[in-house]
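Here is a brisk report on one protein chain. Keep the model in view while reading.

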Amino acid sequence: AEAPTRDEAIIIGVDTGGTIEGQMWDGSSWSTLPLNPLGSVSQSYWWGMDVQYESTSGDALMVWTDGSNVEYATWDGSSWSSVNTLGLYSGATPRQLQLAASPNSDEMVLIVSDANDRDTAYVWDGSNWGNSITLATSTADDKSDIYVAYEQQSGDAMVAYGNGTTSLYYRTWDG
């Protein structure tokens, strides 16, 4: 993710051993994140981490899976918050995570697909999580059949997902 207010970028990923780590670009060089290692996963082929910058404040929000939890931390351009657990999350082991940032505010939407094929969405308001919703619970779903994006003009978020059929489903969030 690239910062909207400064020359900076953050990347996170998982190695073949299942360790999730991140690095930051400060405009001239890369450095490892002081929070490393962020967590670990038993299956390194899922995308169990993401990072986005808030559009207004320029703060970064980083989320990742660690065992059966969804963890997160924020970066304000000078310091990292402590690592926190998304308390609203009550699913099985999270597998697929994706964040999308609103183009008009510090709001973000996080989607999580878990080991039991349950898809959920959560809204970040710039400081807290809320407005969680279960999207799908079908055991015939793939863990990668979920995606979230914000519309640039309206500022609404749209989540697209599968639910055990060949049909595509979607939900919108208008704030």
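## A buried aspartate

Aspartate 117 counts as buried because its relative accessibility is 8%, and the cut-off for buried is under 20%. The model is predicted. Aspartate 117 sits in the loop between β10 (108-114) and β11. Its phi is positive, about 65°, although the residue is not a glycine.

Most residues other than glycine have a negative phi, and most peptide bonds are trans.

Strand β11 covers residues 119-124 and strand β12 covers residues 129-136. The two pair in the antiparallel sense, over five bridges.

Asparagine 131 is not a glycine, yet its phi is positive, near 50°. Is asparagine 131 buried or exposed? Its relative accessibility is 51%, so asparagine 131 counts as exposed; the cut-off for exposed is over 50%. Aspartate 117, with its own positive phi of about 65°, counts as buried at 8%.

## A cis peptide bond

Asparagine 36 and proline 37 are joined by a cis peptide bond. Omega there is about -10°. Proline 37 belongs to the loop between β3 (30-32) and β4 (39-40).

## Overall fold and dimensions

What does the secondary structure of the protein chain consist of? The chain has 15 strands and zero helices. Its C-alpha trace spans about 50 × 40 × 25 Å along the principal axes.

The radius of gyration of the protein chain is 16 Å. A compact globule of 175 residues would have a value near 16 Å, so the two agree. Of those 175 residues, 43% count as buried. Contacts tell of sequence separation: among those between residues at least 6 apart in sequence, 46% join residues at least 24 apart.

## Surface and charge

The protein chain exposes about 8,300 Å². Carbon and sulfur atoms supply 44% of that area.

How many positive and negative side chains does the protein chain have? There are 5 positive and 24 negative ones. The centres of the two sets lie 10 Å apart.

Key
Residues numbered from 1 in each chain as written. Predicted model: local features only at pLDDT ≥ 70, side-chain atom pairs only at ≥ 80, totals over all residues. Heavy atoms only, no water. Helix = DSSP H or I, 4+ residues; strand = E, 2+ residues; numbered from the N terminus. Rg over C-alpha atoms; globule rule 2.2 N^0.38 Å. Buried < 20%, exposed > 50% of the residue type's maximum accessible area, 1.4 Å probe, protein only. Contact = heavy atoms within 4.5 Å. Areas by Shrake-Rupley, 256 points an atom, 1.4 Å probe, with all protein chains shown as cover. Lys, Arg positive; Asp, Glu negative; His and termini not counted. Charge placed at Lys NZ, Arg CZ, Asp CG, Glu CD. Pairing = 2+ DSSP bridges.
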